[in-house]
Amino acid sequence: KIIRGVVTSVKMQKTVVVQVERVFQHPLYKKIIKKHKKYKARNASLVLKEGDKVEIREVRPLSKDTHFEVVKTIAL
C-alpha cells in the first residue's frame, strides 16, 4: 500500500510525520469532503524538511506507532 502525503514534522530522530489528505463525495448528500490523517513513517536516509511531498509504504511494525516507511520524495 503506497500513499502520498506532506511532511508535517521532522522533530524525531529517524521518524517523520506525514499528513495524507483524501477527497471523497458523501454518499447521501453528494457534498465533496476533505479528510486528513497523520502517519508516522521511518526516514533513515533521506534528508527531509517540513512541506516536502513524499510517498510512504506500509511495512511491518517498526515501533508502537510506526508502520510506514518513506519510499521517495515527489518533485514539484
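Which backbone nitrogen does the side chain of Asp52 reach at 3.0 Å?

What you see here is a predicted model, in which local features need pLDDT of at least 70, side-chain atom pairs count only at pLDDT 80 or more, and totals for chains, interfaces and linings use all residues. Residues are numbered from 1 along each chain as its sequence is written, and side-chain values use heavy atoms, with hydrogens and water left out.

**Figure 1. The whole chain, before we zoom in.**
Helices (H or I, at least four residues) and strands (E, at least two) are DSSP runs, numbered from the N terminus. Taken along the principal axes, the C-alpha atoms fill a box of roughly 45 × 30 × 20 Å. Of the 76 residues, 26% count as buried. Here buried means under 20% relative accessible area, exposed means over 50%, and partly exposed is in between (1.4 Å probe, protein chains only). The chain exposes about 5900 Å², with carbon and sulfur atoms supplying 51% of that; these areas come from the Shrake-Rupley method with a 1.4 Å probe, and for residues only the protein chains shown count as cover. Among contacts with a separation of 6 or more, 45% are between residues 24 or more positions apart. Contact, here and below, means heavy atoms within 4.5 Å.

**Figure 2. Asp52, in the loop between β3 and β4.**
Back to the opening question: the side chain of Asp52 reaches the backbone nitrogen of Lys49 at 3.0 Å. That is a polar contact, meaning a pair of N or O atoms within 3.5 Å; within protein, one must be able to donate a hydrogen and the other to accept it, and residues adjacent in sequence count only if both atoms are side-chain atoms. With a relative accessible area of 18%, Asp52 is buried. Setting aside neighbours within four places in sequence, Asp52 is in contact with Gly5, Val6 and Val7.

**Figure 3. The largest nonpolar core.**
Twelve residues make up this core: Ile3, Val7, Val16, Val18, Val20, Tyr39, Ala41, Leu48, Val54, Ile56, Phe68 and Val70. The elements giving two or more residues to the core are β1 (2–9), β2 (15–25), β3 (32–42), β4 (53–58) and β5 (68–73). The largest share, three residues, comes from β2. A nonpolar core is a set of buried Ala, Val, Leu, Ile, Met, Phe, Trp, Tyr and Cys residues joined through side-chain atoms within 4.5 Å. Now pick out Tyr39 in the view: leaving aside neighbours within four places in sequence, Tyr39 is in contact with Ile3, Val16, Val17, Val18, Val20, Ile56 and Phe68.

**Figure 4. Val70, a core residue in strand β5.**
Val70 is buried, because its relative accessible area is 12%. Not counting residues up to four places away in sequence, Val70 touches Val16, Ala41, Arg42, Asn43, Leu46, Leu48, Val54, Glu55 and Ile56. Lys40 and Val70 are 30 residues apart in sequence, yet their C-alpha atoms are 9.6 Å apart in space.

**Figure 5. Thr66, in the loop between β4 and β5.**
Is Thr66 buried or exposed? Thr66 counts as buried, because its relative accessibility is 3%. A polar contact of 3.0 Å joins its side chain to that of Ser63. Thr66 also touches Thr15, Lys40, Ala41, Arg42, Arg60 and Pro61, not counting residues up to four places away in sequence.

**Figure 6. Lys1, in the segment before β1.**
At 66% relative accessibility, Lys1 counts as exposed. Look for Ile56, Arg57 and Glu58, which Lys1 touches when residues up to four places away in sequence are not counted. Phe68 is 67 residues from Lys1 in sequence, and the two are 9.5 Å apart in space, C-alpha to C-alpha.

**Figure 7. Tyr29 and Lys30, in the loop between β2 and β3.**
Tyr29 is exposed, with a relative accessible area of 63%. Tyr29 and Arg42 are 13 residues apart in sequence and 38 Å apart in space, C-alpha to C-alpha. Lys30 has a positive phi of about 60°, although Lys30 is not a glycine.
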